[in-house]
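Here is a friendly briefing to read with the structure open beside you.

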Amino acid sequence: MERRQYLATIGGTASVVSIAGCSSIGDDESDGPDYEPGDDTEAMITTDYFTEGWTREEVEDDNVGEDDGPEAETGTTREFSNEDETEAAAAGIGITDEPDTAEAIIDDWATANIVQGESVELGDGGERGEVEGFGGVGFFHSNAAILSFAGRQSGFELQPMNGRAYNIAETLLNNLQEL
């Protein structure tokens, strides 16, 4: 796979962070939102999270959600790749007005994008599996919708890095909870 194709694939997968959704499931047990607009930026990982040689790629749109479904009030999306561009990761955090909205965003995103998914015990729940050749994790915690992706190029194929995607998601949650 050529360098441009690989970067286009991670870019396309990261654009999935512009999460779509339409419905809400269940009742929220919390007393209301825990996070405020701007917490998404403050809790986001940087290149310091990775080993030396990783760079941050530019993301055109930090909006989380789409016009036909629930949207986050604010959102931050970041893409990263290693020095030789054989590994890539993406992360996104969206802060919504209500916990039900964050849950709806993740539920709808998982339904539309996760292949071979299974539930994940992060935050208030979500799903993990494969997303366009990348390992993907999507979950919500209170009024935050959180996504992470990781994959590597092996020959002409992409291989999901499920462990790395999970670790990134867990770090994002920890960063939010420390605010």
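Which backbone nitrogen does the side chain of Asn82 reach at 3.0 Å? That nitrogen belongs to Glu87. Please keep in mind that this is a predicted model.

**The loop around Asn82**

- Asn82 sits in the loop that joins strand E2 (74-81) and strand E3 (87-95).
- With a relative accessible area of 12%, Asn82 is buried, because buried means under 20%.
- A polar atom of the Asn82 side chain also lies 2.8 Å from the backbone nitrogen of Thr86.
- If residues up to four places away in sequence are not counted, Asn82 touches Gly53, Trp54 and Glu87.

**Salt bridges**

- The structure holds 2 salt bridges.
- Arg164 counts as partly exposed, at 26% relative accessibility.
- Arg128 forms a salt bridge with Glu118, where the closest N and O atoms are 3.1 Å apart.
- Since Arg128 lies in strand E5 and Glu118 in strand E4 (residues 115-120), the pair ties together parts that are 10 residues apart in sequence.
- Both Arg128, with a relative accessible area of 29%, and Glu118, with 43%, are partly exposed.

**Nonpolar cores**

- The largest nonpolar core has 25 residues, and those with the most contacts inside it are Ile45, Ile93, Phe139 and Leu172.
- At least two residues of this core come from each of E3, E6, E7 and H4.
- H4 gives the most to this core, with 6 residues.
- Ile45 is in contact with Phe50, Arg78, Phe80, Ala91, Ile168, Thr171, Leu172 and Asn175, leaving aside neighbours within four places in sequence.
- Another core, of 15 residues, lies apart from the largest one, and includes Ala90, Trp109, Val131 and Ala145.
- In soluble globular proteins, nonpolar side chains tend to be buried together.

**Helix H3**

- Helix H3 (residues 99-113) has 15 residues and reaches 21 Å from its first C-alpha to its last, close to the 21 Å expected at 1.5 Å a residue.
- The buried residues of H3 are Pro99, Ala102, Glu103, Ala104, Ile105, Ile106, Asp108, Trp109 and Ala110.
- These buried residues pack against strand E5 (126-131), strand E6 (134-141) and strand E7 (144-154).

**Glu127 in strand E5**

- Glu127 is found in strand E5, which is also the strand of Arg128.
- How exposed is Glu127, in terms of relative accessible area? Its value is 26%, so Glu127 is partly exposed.
- The C-alpha atoms of Glu127 and Val137 are separated by 6.0 Å, although these residues are 10 residues apart along the chain.
- Not counting residues up to four places away in sequence, Glu127 touches Ala110, Ile114, Gly117, Glu118, Ser119, Val120, Gly136, Val137 and Gly138.

Definitions and conventions. Residues numbered from 1 in each chain as written. Predicted model: local features only at pLDDT ≥ 70, side-chain atom pairs only at ≥ 80, totals over all residues. Heavy atoms only, no water. Helix = DSSP H or I, 4+ residues; strand = E, 2+ residues; numbered from the N terminus. Expected span 1.5 Å × (residues − 1). Buried < 20%, exposed > 50% of the residue type's maximum accessible area, 1.4 Å probe, protein only. Contact = heavy atoms within 4.5 Å. Polar contact = N/O pair within 3.5 Å; in protein donor to acceptor, adjacent residues only side chain to side chain. Salt bridge = Lys/Arg side-chain N within 4 Å of Asp/Glu carboxyl O. Core = buried A, V, L, I, M, F, W, Y, C linked by side-chain atoms within 4.5 Å.
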